[in-house]
Amino acid sequence: MSDRQAVRRSRSEIGVRVVWFLCALFAVITIFFIFAFLFYDAYPIFEEIGVWNFLSGSVWNPTGFPPAYGIYSLIVATLLATFLAMAIAIPLGIGSAIYIAELAPYRVKAWVKPAVELLAGIPSVVFGFFGLVVLTTWIRVSFDVPTGETWLAGSILLAIMALPTIISVAEDAISSAPREYKEGSLALGATHWQTISRVLTPAALSGITAAIILGIGRAAGETMAVLMVTGNAPVIPDPIWDVLSPIRTLTGTLGIEMGEVPVGSTHYHALFGVAVVLLVITLIINFSATIILNRIKRQQAPPASTGIPRRFPLTGWMERQGIFFRAHRTPILWGLMAVVLFAFFGLTGLGIALVLYLAVRYIPGRISPRWAQRIAFSLAALCIVVVLLALGIILYDILTKGLPYISWEFLTEPPSNLGRSGGILPAIVGTMYLVMGSIAIALPIGIGAAIYLTEYTSEGRLVGIIRTATDLLNGTPSIVFGLFGFAFLVIYLSFGVSLIAGQITLALMVLPTIIRTTEEALKTVPVPVREGSLALGASKWQTIRRVVLPPSVPGILTGTILSIGRVAGETAPILFTAVVFSTRFLPSSLFEPVMALPYHLYILATNVPNATGQQYATAVVLLGIVIAFYAIAIVIRHRSSVKYRW
Amino acid sequence: MSETTIITTENLNLWYGENNAVVDVSMQIPDRRVTALIGPSGCGKSTLIRCFNRMNDLVSSCRISGRIEFHGNNIYAKDADPVEIRRKIGMVFQKPNPFPKSVYENVAYGPRIHGIKDKKRLDEIVERSLRSAALWDEVRGRMDESALGLSGGQQQRLCIARTLAVEPEVILMDEPCSALDPIATAKIEKLIDSLKQQYTVIIVTHNMQQAARVSDKTGFMYLGKLIEFGPTSQIFEHPQEDLTENYITGRFG
């Protein structure tokens with residue numbers, strides 16, 4: 001190679017590097033902007049009534065005389081809804097993940113995995129719609145309560161919505177535990193279940209933890225489904241474990257009131273205050289998750305001298321607590337569980353804790369490994385059956401009631417009479433525009449940032465900041481993006497409620513998903529493969545482009561699939577930034593508002609009586625679009641995943 | 001010294017899909033001896049020893065005919081329990097594969113899954129196993145550190161210790177030194193020699209000198225067939241088959 005070529009190559013190497021760096025920086029800038037605008041708009045409320053009064057006040061009545069801005073009950077409701085949802089989703093999710101990763105015969109796995117991904121694609125507003133017309137009715141009848149719009153309904157929906165995330169991520173983690181571990185364990189005479197429970201699951205623990213955290217994030221930040229089924233009464237359940245009480249979450253409050261509040265009023269600032277609190281809660285969840293993850297990583301990884309860095313420097317105090325916790329792990333966990341159960345169920349809870357403890361302490365020793373395996377495998381199979389049943393019921397209900405109303409006219413005409421007749425063409429087109437625009441923005445930036453983070457960096461301080469920012473962005477609830485989009489794009493930049501504002505807001509929302517999944521995909525390419533390429537004289541970027549990226553395509557596609565599903569189905573971020581309910585026209589420029597399917601369904605379901613057929617039909621079309629995207633991507637991914645096995 | 005047989009194979013055939021990877025192998029493995037399997041890459045020697053503890057069960061396209069008897073019982077019989085078989089016939093792999101746990105937990109893993117909970121007994125077993133694997137002195141102060149921080153040779157001896165902790169009768173070793181340096185290799189070879197007091201060792205290697213150094217009996221495999229099987233000295237000094245002689249003298253392979 002001549003000198004000139006070498007110079008040109010090194011220049012382009014630097015150029016490429018800078019581009020990726022800028023992509024990564026973008027995440028930081030975004031998170032900064034989101035914080036800045038939320039705090040800026042929330043500050044007046046904290047000044048006016050005080051942080052403590054705002055947090056601890058038990059009455060939320062911003063339109064009363066005098067108005068009351070206390071969000072204590074909203075915070076409690078958010079925590080309760082998330083807690084119950086996780087109590088349902090975590091066991092089901094991990095059981096299903098184990099089933100898919102280790103037990104499912106090849107053919108079963110081949111259709112169960114896409115089915116679970118499909119569940120992830122069902123838009124939250126469709127869940128909300130299903131919850132509103134089917135689940136709440138079921139709860140009202142079977143528990144004989146005046147209304148089915150309850151905490152229980154919300155948590156069941158949240159659980160179903162968090163499940164695909166938990167299952168997919170946990171399944172990936174278990175499947176990617178090295179095959180050598182499995183062989184090593186089996187060669188010692190361990191049963192398959194012993195191997196799963198004692199080697200594979202611990203080896204996959206960081207991934208499973210990540211799965212759970214992502215699930216929690218999804219549940220705590222979900223707006224639409226919760227808003228549609230929880231009744232939205234700002235009360236604290238009494239007694240606290242009364243799952244049949246209505247509740248109103250932080251997200252629900254934002255979703256309901258943001259659209260009707262005068263910009264700049266005390267109420268307006270109070271809503272931004274709610275968003276800040278919501279953000280802080282999700283940040284706490286994320287930070288604790290990241291710390292847990294890093295601790296696990298350090299335990300498993302070789303000693304620090306060989307280089308696995310820590311993302312957050314832990315103080316000596318936390319270090320000591322960690323050692324104390326590890327040494328007394330079992331009693332601490334049991335104690336915690338007893339306290340939680342006591343808080344919820346009183347003395348009965350203590351009894352339950354005692355029985356569980358005795359069962360766990362004394363039964364396993366009496367069951368032969370073979371029986372333990374049988375029981376465990378049956379439970380895992382049961383988990384996946386429950387999950388698929390949930391999917392089946394939802395799809396069956398919506399398809400059987402919606403398909404009869406689908407007609408050529410419905411798909412190709414604009415709505416009339418508030419959506420009771422006519423069609424939904426503008427909504428279909430609007431959703432397509434939103435998806436294409438936001439993915440076109442988020443995909444290049446996301447992939448670039450991921451490449452920079454995994455390939456070019458050696459974990460310096462800057463990378464730590466970028467990665468933390470991405471993590472934070474990832475945990476940010478979609479409604480918060482909606483508020484940010486409203487405050488920054490719609491008001492500050494004077495875009496108005498417009499297509500472009502919606503696209504940018506949605507792009508910001510899916511950016512962390514794309515970054516994260518791309519990073520994961522890149523990391524699965526073994527280091528020796530990179531070294532092999534570098535040793536042949538290939539440059540860094542050549543190596544990335546020709547050796548690292550191609551096998552990562554399936555992983556990147558998975559991330560893109562999830563993102564498209566979210567964008568097409570999300571309502572909360574576009575609620576105040578991009579949509580109108582009923583228009584006869586398609587947008588002629590990026591600065592006009594659009595109709596969108598999820599929003600159309602939301603309004604039809606909650607505000608337009610006597611439109612059942614239109615509601616179901618809209619749900620079918622929305623589902624159909626998401627499923628179409630999914631099907632294409634799943635096929636592509638399957639093809640390439642056969643090609644690459646390390 | 002009289003020899004008793006611990007494992008017998010009769011007309012063993014194995015297919016990966018259409019590929020007949022092990023062809024009509026019949027052999028008798030002596031108890032408490034070191035048996036080596038040599039042959040060029042891809043000759044089926046690793047596949048063959050993975051049959052002895054049914055590790056090939058993990059490969060879905062794999063099909064087997066013929067018999068393998070362990071103490072006279074067919075390990076591929078319908079009612080044979082692969083878990084029980086692997087408990088008695090342990091395996092050490094080509095690449096050291098310690099679990100991502102501490103040194104102690106790696107060794108204690110086997111005894112624990114087989115129902116030993118008493119901390120004191122576990123401590124004893126761990127120490128004894130590590131001593132037998134000639135690793136104790138090197139790791140006694142780092143029992144709680146991650147096993148992944150050990151050197152490659154230490155990791156492989158840890159895997160051997162982990163296998164010993166289950167007290168198997170047979171230890172299968174699939175090219176246990178191929179990822180190690182000469183010093184680590186010498187340590188493992190010395191270890192193998194001491195193991196045969198108590199255990200039957202079957203080792204796959206493509207290093208002929210290693211086979212000559214450590215084994216009592218040697219089998220030479222080529223294209224899935226067991227060409228010749230006999231006392232190591234005979235295989236290396238007076239091979240009966242031309243193929244064996246050609247391989248030993250370095251004319252191919």
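Hi everyone, let me begin with a term: a crossover is right-handed if, with the strands pointing away from the viewer, the path from the first strand over the helix to the second runs clockwise. Keep that in mind as we look at this structure, which is a predicted model.

In chain B, that is what we find: β7(B), helix α7 (residues 182-195) of chain B and β8(B) form a right-handed β-α-β unit.

Let's stay with β7(B). Is this strand enclosed or open? Strand β7 (residues 170-174) of chain B has 5 of its 5 residues buried, so the rest of the structure largely encloses it. B:Val170, B:Leu172 and B:Asp174 point one way from the strand, B:Ile171 and B:Met173 point the other way, and all are buried.

Now its partners. Strand β6 (residues 89-92) of chain B pairs with β7(B) in the parallel sense, over 4 bridges. There, B:Met91 stands opposite B:Leu172. β7(B) also pairs with strand β8 (residues 200-204) of chain B, again in the parallel sense, over 5 bridges. In that pairing, B:Asp174 has B:Val204 as its bridge partner.

Next, where do the two chains meet? The contact takes 19 residues from chain A and 25 residues from chain B. On the chain A side, the elements giving two or more residues are α7 (179-186), α8 (192-203) and α12 (266-300). Of these, α7(A) gives the most, with 5 residues. The chain A side divides into 10 nonpolar, 6 polar and 3 charged residues.

On to the inside. In soluble globular proteins, nonpolar side chains tend to be buried together. Here, the largest nonpolar core has 267 residues, and A:Ala275 and A:Leu483 have the most contacts inside it. Helix α6 (residues 151-175) of chain A gives the most to this core, with 17 residues. If you click on A:Leu483 and leave aside neighbours within four places in sequence, you'll find it in contact with A:Leu38, A:Leu254, A:Met258, A:Phe272 and A:Ala275.

Finally, how confident is the prediction for chain A? Its mean pLDDT is 84, and 91% of its residues reach 70 or more. Within chain A, confidence is highest in helix α3 (residues 72-103), at 93, and lowest in helix α13 (residues 316-327), at a mean of 56. Over residues 302-315 of chain A, pLDDT stays under 50, though the model has 19 contacts beyond four places in sequence for them. Where pLDDT is low, the predicted coordinates should not be read in detail.

Definitions and conventions. Residues are numbered from 1 along each chain as its sequence is written. Chains are lettered from A and ligands numbered from 1 in the order in which they are written. This is a predicted model: local features need pLDDT of at least 70, side-chain atom pairs count only at pLDDT 80 or more; totals for chains, interfaces and linings use all residues. Two residues are in contact if their C-beta atoms, placed from the backbone, lie within 7 Å. Ala, Val, Leu, Ile, Met, Phe, Trp, Tyr, Cys and Pro count as nonpolar, Asp, Glu, Lys and Arg as charged, and the others, Gly among them, as polar. A residue is buried if 20 or more other C-beta atoms lie within 10 Å of its own, exposed if 12 or fewer, and partly exposed in between; C-beta atoms are placed from the backbone. Two strands pair if DSSP finds at least two bridges between them. A nonpolar core is a set of buried Ala, Val, Leu, Ile, Met, Phe, Trp, Tyr and Cys residues joined through C-beta atoms within 7 Å. pLDDT is the predictor's confidence in each residue, from 0 to 100.
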